[in-house]
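Good morning, colleagues. Please look at the screen.

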Amino acid sequence: QVQLVESGGGLVQPGGSLRLSCAASGSIVRINAMGWYRQALGERRELVATIISGGPTEYADSVKGRFTISGAENTVILQMNNLKPEDTAVYYCNAAIRRYGTTNYRTYWGQGTQVTVSS
């Protein structure tokens, strides 16, 4: 089995920073990509940032220049700076993983971590 475990959410004031971490574990052969999505109350889940094995990254326009995604081994980090109230959401880790005994990649999700930006 594969698990994605997130940590680092919480309450922060506007302009503050948070660092989210996600670690993948289990019978993993290779991770092709990892990323972060978020879902605000009453809204659809949306892409925040992704990183492809080897380094290419992609960001939502709303977070460019404020958020940075990085990855190492089976871990992905999202550094969030200059947070705004509109960044409030549940943040979900996502990964495309190939397991032992399989030939294809499958998408896995973490359980989500709440980020609240409020004064």
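Aspartate 87 is buried, and arginine 66 is buried as well; buried here means under 20% relative accessible area, exposed means over 50%, and partly exposed lies in between, with a 1.4 Å probe and protein chains only. Before I continue, note that this is a predicted model, in which local features need pLDDT of at least 70 and side-chain atom pairs count only at pLDDT 80 or more, while totals for chains, interfaces and linings use all residues. Residues are numbered from 1 along each chain as its sequence is written, and side-chain values use heavy atoms, with hydrogens and water left out.

What joins aspartate 87 to arginine 66? The two form a salt bridge, with the closest N and O atoms 2.8 Å apart; the term requires a side-chain nitrogen of Lys or Arg within 4 Å of a carboxyl oxygen of Asp or Glu. Aspartate 87 sits in the loop between S8 and S9, and arginine 66 in the loop between strand S6 (57-59) and S7, so the pair ties together parts that are 21 residues apart in sequence. Strands here are DSSP runs of E with at least two residues, numbered from the N terminus.

Aspartate 87 also forms a salt bridge with arginine 38, where the closest N and O atoms are 2.9 Å apart. This pair links distant parts of the chain, 49 residues apart: arginine 38 is in strand S4, and aspartate 87 is in the loop between S8 and strand S9 (89-99). Arginine 38 has a further salt bridge, to glutamate 46, at 2.7 Å from N to O. How accessible are the two partners? Arginine 38 counts as buried at 5% relative accessibility, whereas glutamate 46 is partly exposed, with a relative accessible area of 36%. The whole structure contains four salt bridges.

Let me turn to the sheet. Four strands form an open sheet in the order S1-S3-S8-S7, with antiparallel pairing; two strands pair if DSSP finds at least two bridges between them. Strand S1 (2-7) and S7 are at the edges with a single partner strand each, so one side of each is left without a neighbour in the sheet. From one strand to the next, the twist averages 15°, taken between axes that are lines fitted to C-alpha atoms, with angles running from 0 to 180 degrees between N-to-C directions.

S1 and S3 are antiparallel and share six bridges, and serine 7 stands opposite serine 21 in S3. Strand S3 (residues 18-26) is likewise joined to S8 by six bridges, running antiparallel. Leucine 20 faces leucine 78 in S8, and arginine 19 has glutamine 79 of S8 as its bridge partner.

Finally, the largest pocket. Its space is about 180 Å³. On a 1 Å grid over the protein atoms alone, a pocket is an open set of points where a 1.4 Å probe fits, with protein on both sides within 12 Å along at least five of seven lines, and lining residues have an atom within 4 Å of a point. The volume is the space filled by probe spheres set on the points, which are joined across faces, edges and corners. The lining has 15 residues, of which Ile31, Ile52, Ser53, Gly71 and Glu73 are the closest to the pocket centre. Strands S4 (28-39), S5 (46-52), S7 (67-72) and S8 (75-80) each give two or more residues to this lining, and S4 gives the most, with four.
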